[in-house]
Amino acid sequence: MSLIEIPVGPQHPALHEPILLRVRADGERVVGIQVVTGYNHRGVEKLGERSTWSKDVFLYSRICGICNTVHAQTYTQGVEAIGGIEVPPRAQYLRTLVMELERIHSHILICAVMAEVVGFDSLFMLMMRDREPVMMLKELVTGNRVIADYYVLGGVRRDLDEVKKDKILKVLEGVEARVKYYKKIFMEDYTITKRLLGVGVIKPSEAVAYSLVGPTLRGSGVKSDVRADDPYAAYGEIPFNVVTYSDGDSLSRMLVRLDETLESIEMIRYIIKHLPEGPIAPKTPIRTLHEGEAFSRVEAPRGELIYHIVSKGGDKPYRVKVRTPSFNNIINGVIAYRDARIADVPVILTSFDPCISCTERILVIDERNGSTKVLSLKDLSRWGK
Amino acid sequence: MSKAVEFLRSLGLTCKEVKQARRYVFEVSPDKLRVVVTGLIKLNLNIYSSTISVVDYINEGVIEVNYCLWVIDEKLMIVLRVRVPRDSPKVPTIHDIIPGALNGELEAYDLFGVVFEGNDKLRRGFLVPLDIANQGVFPLRKDFKV
C-alpha cells in the first residue's frame, strides 16, 4: 500500500509558533513524522540586544501570551543574579503567586482543548467557563487579564491587600471543587479514556534521552521539576508535591496537569497565609549592570524554560538566549507518534501542551490519485470514533 | 560530591566560577567534546540536553557554544563551553549521544552558522525564513544588521 502524507499545520494567527507536522501514514498507521518549523521566527533575541535591561522585561514577557509572567520571571531573575540584586521577600511571594495563577489557568486551558480534540465539546465549554474566574484573579492581582507586566527589575509593580486576599481564597474554593470534578471525568469518562489511554506512550529512558521537559517528562514517571530541584522566587519555602504518573501516555500527561492545578491552589493558600511584610520593589530603578552571565531556569506550565543572559556591562544585554519548553517537546517529541493512528496525532500533540495551534487545518493527499481534501481538526478527531 | 562534576575534574577540566548555585561551567576543546559527553552519559545518570546557547564574540573573533546539560539525579547544571574561531565555527555533533540535542544543533546552525560535523539533518530554513537563509547570512550574529 502506498504511503499517504498528511500535512498537519502550519498557520494559526493566534499563537506564536506556527508549525507543520508532515505525517506519513500507511493506512491508518503513522510511520513517520517530520516537523517543519520556521514560519514565524520573530528575532526577539536580536531585538532584546538593542533595548535596555529594564525595557526588556516587557519585551520578553511578550514572547508568550499564556505564560508571560514566567518569561518575565526567567529574565528578571537572570538579570538579578548578574547584578547581585536582592529581591524583597514579599515581592518573591507575590511573583510566585502570579506564576501559580498562570499555571492553573494554563493547565485548565489545555485540558479543555484536549476535551475538544476528542470531541467532548460540553466539557471544553465547562472548563473554559471555570478558567475565567482564574483569569479575573490574575487581573485583580496584576491589573491585566493576560499580559500581566507585573515585574520590574528587583520586584513587582503592585501590592496585595486584605480584600484581594479574601477574594482570591473565595474564588479558588470554587475552582478547586471544579478541578476535582474534572479530574474524576478524565479518569473515569469512557470518551476520554478511550482516546487517551495508551496513546503516544513515551518510556522514562526515552523521555530523558530526548530531553522532554515539564508535565511531558513527569507523565513518563521522571521526577524533575525546576521548582523543587532548582528553587527560585519563593518556591524554596513553600511546601508542595512534585506530581508524576508512570504510564507515559497522553492520559498520564493530562492527569499530571490536573493534579498540579490542585497543588497550585494549595500553594496559593500557603502564600496568602504566609505573605511576608515589607517593600515590593527597590526604591531606585536598576539601569546598568556589570559584566557577567547567568543561566536562568524556571518551571513554566509547559516545562523547563531557560534563558542564558550575557552582560558586558552598560545598559544593554550582550546576548539573551531563550529556550522555551515547547521547543524541546515538539521537535524532539516525535518519538511519541510511532505506530499511532492518524486520529491520535492531534491527541498526542495536544498532550504535549504545545504553544502553537498548528492542528487547525489538515490537508489529506492521496498519493495514488493525487486528490487533496482539507479537513478540520474536528473532522480528524472524528476518524477515531 | 557530584559524580558528574568529579568525572569532569578527573579529565583535567577546570570549573569556571559562576555566581549562581548549582551551575558548573567547564571549558572543553572541540576535539574532546564527544569523549566528555560520552563519558558523562556512561555515568548512568539521568542527563538531558537543556539547550545549546551560542554567543558571538565578534571583537575576539570567537563563537562560543554552550551545551547546557541538566543532571536530574544530582540537581545541577553542567555547561560545556566550546570556543571556536568565528570564520569557521565547527564542532562535532552530539545528537547521536544525546538525541535531545538535535533541536539545539538545528537552531544554532540556522541562526549562527555553527556547523555540527556529523549531523546530516542540518538545514537552513529551520527557523529563518528561506528568503533570508538563501542569502547565506546568519541573523543572530553580531554583524547582521536589522
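How many bridges pair E7(A) and E8(A), and in which sense? The two strands pair over five bridges, in the antiparallel sense. Strands here are DSSP runs of E with at least two residues, helices are runs of H or I with at least four, and both are numbered from the N terminus; two strands count as paired if DSSP finds at least two bridges between them. The model is a predicted one, in which local features need pLDDT of at least 70 and side-chain atom pairs count only at pLDDT 80 or more, while totals for chains, interfaces and linings use all residues. Residues are numbered from 1 along each chain as its sequence is written, and chains are lettered from A and ligands numbered from 1 in the order in which they are written.

One of the bridges in chain A has A:Tyr307 facing its partner A:Val322 in E8(A). The strands belong to an open sheet of three, ordered E6-E7-E8 in chain A, with antiparallel pairing. E6 and E8 of chain A are the edge strands with a single partner strand each, so one side of each has no neighbour in the sheet. On average, neighbouring strands of this sheet are turned by 5° against each other, direction ignored (axes are lines fitted to C-alpha atoms, for helices over the stretch in contact, and angles run from 0 to 180 degrees between N-to-C directions). Two helices lie across the strands. Helix H3 (residues 68-83) of chain A covers E6 and E7, at about 145° to E6(A), and H12(A) lies across E6, E7 and E8, at about 130° to E7(A).

Elsewhere in chain A, helix H4 (residues 89-117) and helix H5 (residues 121-142) pack with their axes 8 Å apart, at an angle of about 165°. That makes H4(A) roughly antiparallel to H5(A), a label for angles over 145 degrees, with those under 35 roughly parallel, 65 to 115 roughly perpendicular and the rest oblique. The residues of this helix contact divide into 17 nonpolar, two polar and six charged. Nonpolar means Ala, Val, Leu, Ile, Met, Phe, Trp, Tyr, Cys and Pro, charged means Asp, Glu, Lys and Arg, and the others, Gly among them, are polar.

Now for where the chains meet. The contact takes 29 residues from chain A and 30 residues from chain B, with residues in contact if their C-beta atoms, placed from the backbone, lie within 7 Å. On the side of chain A that touches chain B, at least two residues come from each of several elements, including strand E7 (303-314) and helix H12 (325-332). That side of chain A splits into eleven nonpolar, ten polar and eight charged residues.

Chain B has four helices and seven strands, running α-β-β-α-β-β-β-β-α-β-α from the N terminus on. Its C-alpha atoms fill a box of roughly 50 × 30 × 25 Å along the principal axes. Chain B has an open sheet of five strands in the order E1-E2-E5-E4-E3, with mixed pairing. Strand E1 (15-16) and strand E3 (47-57) of chain B sit at its edges. Strand E2 (residues 23-27) runs parallel to strand E5 (residues 76-85) of chain B, joined by five bridges; B:Val25 has B:Val79 as its bridge partner in E5(B). Strand E4 (residues 62-71) of chain B pairs with E5(B) in the antiparallel sense over ten bridges, and B:Ile63 is partnered by B:Val84. E4(B) and E5(B) form a hairpin with four residues between them, where B:Lys75 in the turn has a positive phi of about 55°.
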